[in-house]
Amino acid sequence: AADLAGSMRLNYPTNIKIVRVPCTGKVDVIHILRALEKGADGACVIGCLEGECHYNTGNLMAKRRVQQAREILDTIGIGAERAKMYNLSSSEGPLFAKYASEFTEEIKALGPNPLKLAKKKAA
């Protein structure tokens with residue numbers, strides 16, 4: 001979907017960093033938490049439509065892991081809203097651009113990642 005959005009020259013926020021994986025089933029809780037630890041204000045996982053994963057259940061595993069990350073983020077006071085999962089097909093470039101814009105606005109409304117602020121104060 002991101003490739004299609006790019007080839008269609010659709011606008012979406014330029015501050016989004018795309019990390020490609022063969023399947024969202026390869027995304028672990030630690031990847032989401034590490035992104036936030038390293039300074040990202042939010043982490044979004046975009047996988048195949050449910051029931052249409054090329055690797056059978058990869059997107060379902062990713063969904064569970066994103067939920068686990070959200071629970072951890074709430075527990076430590078960062079906020080579950082900073083992690084989210086969407087399911088898209090490869091033909092949904094316009095929807096990718098829409099979700100990317102919406103997620104970016106949600107994260108901007110939350111403000112900077114508290115971990116980033118804590119690092120600045122410590123330095």
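1. Q68 belongs to helix 3, which covers residues 58-75; helices here are DSSP runs of H or I with at least four residues, strands are runs of E with at least two, and both are numbered from the N terminus. With a relative accessible area of 41%, Q68 is partly exposed, where buried means under 20% relative accessible area, exposed means over 50% and partly exposed lies in between, for a 1.4 Å probe and protein chains only. Between the C-alpha atoms of Q68 and A80, which are 12 residues apart along the chain, the separation is 9.5 Å.

2. On the basis of the note: this is a predicted model, in which local features need pLDDT of at least 70 and side-chain atom pairs count only at pLDDT 80 or more, while totals for chains, interfaces and linings use all residues. Residues are numbered from 1 along each chain as its sequence is written, and side-chain values use heavy atoms, with hydrogens and water left out.

3. V29, in helix 2, is in contact with R65, Q68, A69 and I72 once its neighbours within four places in sequence are left aside; contact means heavy atoms within 4.5 Å. V29 counts as buried, at 11% relative accessibility. From V29 to N15 the C-alpha distance is 22 Å, for 14 residues in sequence.

4. N59 also has its place in helix 3, and at 1% relative accessibility this residue counts as buried. The side chain of N59 reaches the backbone oxygen of L49 at 2.9 Å, a polar contact being a pair of N or O atoms within 3.5 Å in which, within protein, one must be able to donate a hydrogen and the other to accept it, and for which residues adjacent in sequence count only if both atoms are side-chain atoms. Not counting residues up to four places away in sequence, N59 touches T24, C48, L49, E50, G51, C53, M85 and N87.

5. Most residues other than glycine have a negative phi. N56 is exposed, with a relative accessible area of 63%.

6. N113 lies in the loop between helix 4 and helix 5 (114-122) and counts as buried, at 0% relative accessibility. A polar atom of the N113 side chain lies 2.8 Å from the backbone nitrogen of L115. Leaving aside neighbours within four places in sequence, the contacts of N113 are L36, G39, A40, D41, I78 and R82.

7. A search of the whole structure finds two aromatic pairs, where rings of Phe, Tyr and Trp (its six-membered ring) pair if their centres lie within 6.5 Å, and planes under 30 degrees apart count as stacked, over 60 as edge-to-face and the rest as tilted. Y12 and F96 form an edge-to-face pair, with 5.0 Å from centre to centre and 85 degrees between the planes. This pair links distant parts of the chain, since Y12 is in the loop between helix 1 and helix 2 while F96 is in helix 4, 84 residues apart. Y12 counts as partly exposed, at 25% relative accessibility, whereas F96 is buried, with a relative accessible area of 5%. The rings of Y86 and Y99 have their centres 4.2 Å apart and their planes at 15 degrees, so that pair is stacked; Y86 is in strand 2 (residues 83-87) and Y99 in helix 4, 13 residues apart. Y86 counts as buried, at 9% relative accessibility.

8. A1, in the segment before helix 1, counts as partly exposed at 22% relative accessibility. Not counting residues up to four places away in sequence, A1 touches L88, S89, S90, E92, G93 and F96.

9. About 1600 Å³ of space lies in the largest pocket. On a 1 Å grid over the protein atoms alone, a pocket is an open set of points where a 1.4 Å probe fits, with protein on both sides within 12 Å along at least five of seven lines, and lining residues have an atom within 4 Å of a point; the points are joined across faces, edges and corners, and a volume is the space filled by probe spheres set on them. Of the 43 lining residues, I18, V19, C44, V45 and I46 are the closest to the pocket centre. Helix 4 gives the largest share of the lining, seven residues.
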